[in-house]
Amino acid sequence: MRSIVGAGMVLAGAVGLAWRGVARLGERAELLRGLQGALAYLEEEISFRFTPLPRLFEHLSGRRGRAGTFFGAVFAAMEDEKHPTMRESWSKAVERELPLLREEERQTLEELGEVLGQYDAETQAKALHVAGERLAAAYLAAREDRQRLGKVYLALGVAGGAVTVLALI
(Lines give C-alpha, C1' and ligand atoms only; values in the text may rest on other atoms or scores of the structure.)
Protein backbone atom coordinates (compact mmCIF):
# COMPACT_ATOMS: atom_id res chain seq x y z
CA MET A 1 0.00 0.00 0.00
CA ARG A 2 2.82 2.39 0.89
CA SER A 3 4.50 1.76 -2.44
CA ILE A 4 1.34 2.73 -4.32
CA VAL A 5 1.04 5.97 -2.35
CA GLY A 6 4.76 6.66 -2.87
CA ALA A 7 4.44 6.00 -6.60
CA GLY A 8 1.49 8.38 -6.77
CA MET A 9 3.46 11.06 -4.94
CA VAL A 10 6.45 10.72 -7.27
CA LEU A 11 4.20 10.93 -10.32
CA ALA A 12 2.33 13.92 -8.89
CA GLY A 13 5.63 15.66 -8.15
CA ALA A 14 6.87 15.18 -11.69
CA VAL A 15 3.62 16.47 -13.16
CA GLY A 16 3.74 19.44 -10.74
CA LEU A 17 7.21 20.35 -11.95
CA ALA A 18 5.98 20.16 -15.53
CA TRP A 19 3.05 22.45 -14.70
CA ARG A 20 5.46 24.94 -13.15
CA GLY A 21 7.43 25.03 -16.41
CA VAL A 22 4.23 25.63 -18.38
CA ALA A 23 3.22 28.41 -15.97
CA ARG A 24 6.59 30.13 -16.45
CA LEU A 25 6.09 30.10 -20.21
CA GLY A 26 2.71 31.75 -19.67
CA GLU A 27 4.15 34.34 -17.28
CA ARG A 28 6.74 35.35 -19.87
CA ALA A 29 4.08 35.80 -22.54
CA GLU A 30 1.92 37.88 -20.17
CA LEU A 31 4.91 40.03 -19.22
CA LEU A 32 5.71 40.72 -22.87
CA ARG A 33 2.10 41.60 -23.59
CA GLY A 34 2.00 43.95 -20.59
CA LEU A 35 5.24 45.65 -21.59
CA GLN A 36 4.06 46.03 -25.17
CA GLY A 37 0.85 47.71 -24.01
CA ALA A 38 2.74 49.98 -21.63
CA LEU A 39 5.15 51.06 -24.36
CA ALA A 40 2.23 51.88 -26.66
CA TYR A 41 0.75 54.01 -23.87
CA LEU A 42 4.09 55.76 -23.32
CA GLU A 43 4.42 56.43 -27.05
CA GLU A 44 0.96 57.99 -27.22
CA GLU A 45 1.46 60.13 -24.11
CA ILE A 46 4.89 61.38 -25.17
CA SER A 47 3.77 62.07 -28.75
CA PHE A 48 0.52 63.90 -28.07
CA ARG A 49 0.43 65.09 -24.48
CA PHE A 50 4.12 65.56 -23.68
CA THR A 51 3.56 64.07 -20.22
CA PRO A 52 6.77 63.92 -18.12
CA LEU A 53 8.30 60.46 -17.81
CA PRO A 54 8.23 60.24 -13.99
CA ARG A 55 4.50 60.90 -14.02
CA LEU A 56 3.98 58.27 -16.72
CA PHE A 57 6.02 55.69 -14.81
CA GLU A 58 4.08 56.43 -11.64
CA HIS A 59 0.83 55.90 -13.54
CA LEU A 60 2.07 52.65 -15.14
CA SER A 61 3.20 51.33 -11.77
CA GLY A 62 -0.48 50.99 -10.90
CA ARG A 63 -0.98 48.31 -13.55
CA ARG A 64 -1.24 44.77 -12.35
CA GLY A 65 1.31 42.15 -13.19
CA ARG A 66 5.03 42.21 -13.67
CA ALA A 67 4.94 45.10 -16.14
CA GLY A 68 3.40 47.32 -13.45
CA THR A 69 6.03 46.15 -10.99
CA PHE A 70 8.75 47.01 -13.50
CA PHE A 71 7.50 50.57 -14.01
CA GLY A 72 7.08 50.94 -10.26
CA ALA A 73 10.72 49.97 -9.84
CA VAL A 74 11.78 52.50 -12.49
CA PHE A 75 9.77 55.21 -10.75
CA ALA A 76 11.17 54.29 -7.32
CA ALA A 77 14.73 54.27 -8.66
CA MET A 78 14.20 57.70 -10.22
CA GLU A 79 13.02 59.01 -6.85
CA ASP A 80 16.04 57.44 -5.15
CA GLU A 81 19.12 59.66 -5.21
CA LYS A 82 21.45 56.70 -5.79
CA HIS A 83 20.28 56.50 -9.42
CA PRO A 84 20.26 60.11 -10.59
CA THR A 85 19.75 59.49 -14.30
CA MET A 86 16.80 58.01 -16.11
CA ARG A 87 19.11 55.56 -17.90
CA GLU A 88 20.50 54.17 -14.63
CA SER A 89 17.04 53.84 -13.11
CA TRP A 90 15.71 52.05 -16.18
CA SER A 91 18.71 49.74 -16.47
CA LYS A 92 18.57 48.74 -12.81
CA ALA A 93 14.86 47.96 -13.07
CA VAL A 94 15.35 45.87 -16.24
CA GLU A 95 18.08 43.89 -14.50
CA ARG A 96 16.15 43.38 -11.26
CA GLU A 97 12.52 43.05 -12.32
CA LEU A 98 12.57 41.24 -15.67
CA PRO A 99 14.38 37.91 -15.20
CA LEU A 100 11.83 36.07 -17.36
CA LEU A 101 12.88 37.92 -20.50
CA ARG A 102 15.41 36.56 -22.93
CA GLU A 103 18.65 38.42 -23.59
CA GLU A 104 17.50 40.00 -26.86
CA GLU A 105 14.32 41.27 -25.20
CA ARG A 106 16.30 42.77 -22.33
CA GLN A 107 18.66 44.32 -24.88
CA THR A 108 15.69 45.95 -26.64
CA LEU A 109 14.61 47.50 -23.35
CA GLU A 110 18.16 48.57 -22.49
CA GLU A 111 18.44 50.35 -25.84
CA LEU A 112 15.12 52.05 -25.18
CA GLY A 113 16.34 53.17 -21.77
CA GLU A 114 19.25 54.96 -23.43
CA VAL A 115 16.81 57.09 -25.45
CA LEU A 116 14.09 57.85 -22.90
CA GLY A 117 14.58 61.17 -21.21
CA GLN A 118 17.64 61.98 -23.34
CA TYR A 119 16.17 63.12 -26.64
CA ASP A 120 13.22 65.07 -28.01
CA ALA A 121 9.66 63.69 -27.88
CA GLU A 122 9.66 62.60 -31.53
CA THR A 123 12.84 60.52 -31.13
CA GLN A 124 11.54 58.97 -27.93
CA ALA A 125 8.23 58.10 -29.60
CA LYS A 126 10.05 56.43 -32.51
CA ALA A 127 12.22 54.42 -30.09
CA LEU A 128 9.10 53.37 -28.16
CA HIS A 129 7.42 52.33 -31.40
CA VAL A 130 10.39 50.21 -32.51
CA ALA A 131 10.73 48.59 -29.08
CA GLY A 132 6.98 47.93 -29.02
CA GLU A 133 7.15 46.19 -32.38
CA ARG A 134 10.04 44.02 -31.22
CA LEU A 135 8.20 43.09 -28.03
CA ALA A 136 5.04 42.35 -30.04
CA ALA A 137 7.01 39.87 -32.15
CA ALA A 138 8.54 38.39 -29.00
CA TYR A 139 5.06 38.09 -27.46
CA LEU A 140 3.77 36.14 -30.47
CA ALA A 141 6.79 33.83 -30.27
CA ALA A 142 6.31 33.40 -26.51
CA ARG A 143 2.63 32.57 -26.96
CA GLU A 144 3.54 30.00 -29.60
CA ASP A 145 6.23 28.55 -27.29
CA ARG A 146 3.65 28.30 -24.52
CA GLN A 147 1.30 26.31 -26.72
CA ARG A 148 3.96 24.12 -28.30
CA LEU A 149 6.36 23.58 -25.42
CA GLY A 150 3.60 23.39 -22.81
CA LYS A 151 2.47 20.07 -24.27
CA VAL A 152 6.05 18.83 -24.39
CA TYR A 153 6.68 19.79 -20.75
CA LEU A 154 3.56 17.98 -19.58
CA ALA A 155 4.35 14.88 -21.62
CA LEU A 156 7.90 14.80 -20.27
CA GLY A 157 6.65 15.31 -16.73
CA VAL A 158 4.26 12.38 -16.93
CA ALA A 159 6.79 10.18 -18.73
CA GLY A 160 9.60 11.10 -16.35
CA GLY A 161 7.41 10.43 -13.34
CA ALA A 162 6.30 7.08 -14.76
CA VAL A 163 9.88 6.01 -15.50
CA THR A 164 10.94 7.00 -11.99
CA VAL A 165 8.07 5.02 -10.47
CA LEU A 166 8.99 1.98 -12.56
CA ALA A 167 12.65 2.31 -11.55
CA LEU A 168 11.70 2.43 -7.87
CA ILE A 169 9.42 -0.63 -8.01
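Are Phe70 and Phe71 buried or exposed? Both are buried, and buried here means under 20% relative accessible area, with exposed over 50% and partly exposed in between, using a 1.4 Å probe and protein chains only.

Before I go on, a word on the model. It is a predicted one, where local features need pLDDT of at least 70 and side-chain atom pairs count only at pLDDT 80 or more, while totals for chains, interfaces and linings use all residues. Residues are numbered from 1 along each chain as its sequence is written, and side-chain values use heavy atoms, with hydrogens and water left out.

Let's stay with the rings. The structure holds five aromatic pairs. Rings of Phe, Tyr and Trp, the last by its six-membered ring, pair if their centres lie within 6.5 Å; planes under 30 degrees apart count as stacked, over 60 as edge-to-face and the rest as tilted. One of these pairs is Phe57 with Phe71, and it is stacked, at 5.8 Å centre to centre with 25° between the planes. This pair links distant parts of the chain: Phe57 sits in helix H2 and Phe71 in helix H3, 14 residues apart. Helices are DSSP runs of H or I with at least four residues, numbered from the N terminus. Phe57 is buried, and so is Phe71. Now take Phe70 and Phe71. Their ring centres are 4.9 Å apart and their planes stand at 70°, so that pair is edge-to-face.

What is Trp90 in contact with, leaving aside its neighbours within four places in sequence? The list runs Phe57, Phe70, Phe71, Val74, Leu109, Glu110, Leu112, Gly113 and Leu116. Contact means heavy atoms within 4.5 Å.

On to the core. In soluble globular proteins, nonpolar side chains tend to be buried together. Here the largest nonpolar core has 36 residues. Such a core is a set of buried Ala, Val, Leu, Ile, Met, Phe, Trp, Tyr and Cys residues joined through side-chain atoms within 4.5 Å. Leu35, Phe57, Phe71, Trp90 and Leu109 have the most contacts inside it. Which helices supply at least two residues each? They are H1 (2-49), H2 (53-60), H3 (66-79), H4 (86-97), H5 (103-115) and H6 (121-168). H1 gives the most, with eight residues.

Next, how the helices pack. The axes of H1 and H6 come within 8 Å and cross at roughly 175°. Axes are lines fitted to C-alpha atoms, for helices over the stretch in contact, and angles run from 0 to 180 degrees between N-to-C directions. H1 and H6 are therefore roughly antiparallel to each other. As for cut-offs, angles under 35 degrees count as roughly parallel, over 145 as roughly antiparallel, 65 to 115 as roughly perpendicular and the rest as oblique. The residues in the contact of H1 with H6 divide into 31 nonpolar, 11 polar and six charged. Ala, Val, Leu, Ile, Met, Phe, Trp, Tyr, Cys and Pro count as nonpolar, Asp, Glu, Lys and Arg as charged, and the others, Gly among them, as polar.

H5 also packs with H6, at an angle of about 170° and with axes 10 Å apart. These two are therefore roughly antiparallel to each other. The contact of H5 with H6 divides into eight nonpolar, three polar and three charged residues. On the H5 side, the residues include Glu105, Leu109 and Leu112; on the H6 side, they include Ala127, Leu128 and Leu135.

Now two residues of H1. Arg28 is in helix H1. It is buried, with a relative accessible area of 7%. Not counting residues up to four places away in sequence, Arg28 touches Leu100, Arg102, Glu105, Ala138, Ala142 and Asp145. Gln36 is also found in H1. It is partly exposed, at 26% relative accessible area. Gln36 and Leu109 are 73 residues apart in sequence and 11 Å apart in space, C-alpha to C-alpha.

Last, the loops. Where does Phe50 lie? It is in the loop between H1 and H2. Phe50 has a positive phi of about 55° although it is not a glycine. It is exposed, with a relative accessible area of 59%. Asp120 is in the loop between H5 and H6. It is partly exposed, at 42%. Asp120 and Arg148 are 28 residues apart in sequence and 42 Å apart in space, C-alpha to C-alpha.
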